[in-house]
Amino acid sequence: SYTTDTKSKEENKKTIESLYSLSVDIKKIRRLKEWVLLQDVAYVREIAGILQEMGADETAVANILERCPEAILHTPEEINSQRALWQLVCQNEKQLIKLIEQFPESFFTTKYHQNQKANILFFQELGLKNNIITRFLTSAPSIFYNPVEKNKNVIETLQRNYLNLGGSEANMKIWILKLLSQNPFILLNTSTTIQENLEFLQKNYFTDQEVLQLLSKLKGFIFQLNSTTMQKSMLFSKNVFKCSDQELKQLVLKCPALLYYSVPVLEERLEGLLKEGISIAQIRETPMVLELTTQIIQYRIKKLSALGYDIKSGNLESLNGTKKDFEVTYGKIQSKKERPIFNPVAPIPIED
C-alpha cells in the first residue's frame, strides 16, 4: 500500500524528470493520481524499457503511464513475471502490448500474481480458449484474484446442479463454457448463493427443465440476485398483470427480465410504456419490451410513428429485440410503405 498523505511529502524530482523525458503529461498525473509522484522509489525508465522491449513506441509508453501511473511503482521483476503470465494466453507480444495499451490497470495489478497464474491454468484445463481468457483478464480481472479453489468450487456447484436439473453429461462442458463466456462474474458468487437461487425457482413451481431454460436465457445473471429481490419483482408483475401463479411463470419464461430487474426499474419502464399510450394488455402479450430502457422505447416509437405506424393499435413485436433486430423490422415496414400499389386497370407501358 502506498501513502496518500500529500501534505507532508514533496514530489520526487527524479520521477518527474524521467517521466518528462518520456513525453508523459505530468499535469494529467498530478490531477488524477498525484500520490504516485510523491513516492521515494519509482522505476520509470525500467518499466518504460520493458514496454519498449515488447514493441510499444514512445506514444504508447506515454499513454500507458498517463493512464496507469502506478505502473512505475512496480519492480521490473514483478512486471516481467506478469509479462510471462499473460504470454500464456496471448498469441504474441504484439497482441500483449495492444492489450496493455487498452487495459493498463488490469495488467499492472500484480498483487494477486499467484492466484492469477493458478486461475489461468485452471481455465485452460476447463477448456476455455485463450482468447476468452484474455477477454476475462481485461474485462473481469477480479475473477483472477480469487484463490483457484474458490473458482473450482463455484464451477463444481454449477456442474452438479446442471446434472441434477436433468442436463446431460455430454452437454455439460459446453453449457458451463458458454455460461462463463457470457458472464464470468458468476465466479464472484458463493456456492451457497447459487444453491439458494436455484431452490427459490424450484419453490416457485418452475420445473427442472424450465430452470435450465432460465439459466441459459439469463446468462448466469440469476446468480447475482437474491431470493428477496426476485420475490418482490415477481409479486409486482403478478399485481400489474393480474395473473395467476401459472400465468406469471409463463410470463417470466417469456421475459426473464421480470425476475432479474428490481421493482423500481420495472416500475419506471412500465410507466414509460403507459405514457406512450401502450396498454397493460399489450405489454402482457409482449413482456420482452420491459427489457428495453425507456429511452430506447421512446426512440423506436418515434421512428415507427414517422412511418405512420401506430404502435397503440398493433402488437409490440416491432419494438422488440436488439438494435440490429429493430433495424431489420424498421427496414421491412419502410419498404412496405414505399412499395407502389399495383393498379390492375392501369395501362402497361410497352416499348415500341
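In a right-handed or a left-handed crossing, how does α8 pass α9? In this predicted model, α8 goes past α9 in a right-handed crossing.

Two packed helices are described by the angle between their axes and the distance between the axes. For helix α8, which spans residues 113–126, and helix α9, which spans residues 130–139, the axes come within 10 Å and cross at roughly 145°. On the α8 side the residues that meet the partner helix are I120, F123 and Q124, while α9 contributes N130, I133 and L137. Sorted by class, this contact of α8 with α9 comprises 4 nonpolar and 2 polar residues, with no charged residues.

The structure holds 1 cavity of 30 Å³ or more, and about 40 Å³ of space lies in the largest cavity. Its lining is formed by F236, S237, V240, F241, L258, L266, L270 and L290. Two or more of the lining residues come from each of α14 (227–241) and α17 (263–275), and α14 gives the most, with 4 residues. By class, the lining of the largest cavity has 7 nonpolar residues and 1 polar residue, and no charged residues.

The class make-up of the two sites is set out below.

| Contact of α8 with α9 | 4 residues | 2 residues | no residues |

Notes
Residues are numbered from 1 along each chain as its sequence is written. This is a predicted model: local features need pLDDT of at least 70, side-chain atom pairs count only at pLDDT 80 or more; totals for chains, interfaces and linings use all residues. Side-chain values use heavy atoms; hydrogens and water are left out. Axes are lines fitted to C-alpha atoms, for helices over the stretch in contact, and angles run from 0 to 180 degrees between N-to-C directions. A crossing is left-handed if the near helix is turned anticlockwise from the far one by less than a right angle, and right-handed if clockwise. Contact means heavy atoms within 4.5 Å. Ala, Val, Leu, Ile, Met, Phe, Trp, Tyr, Cys and Pro count as nonpolar, Asp, Glu, Lys and Arg as charged, and the others, Gly among them, as polar. On a 1 Å grid over the protein atoms alone, a cavity is a set of points where a 1.4 Å probe fits but cannot get out, and a pocket is an open set with protein on both sides within 12 Å along at least five of seven lines; lining residues have an atom within 4 Å of a point. Grid points are joined across faces, edges and corners, and a volume is the space filled by probe spheres set on the points.
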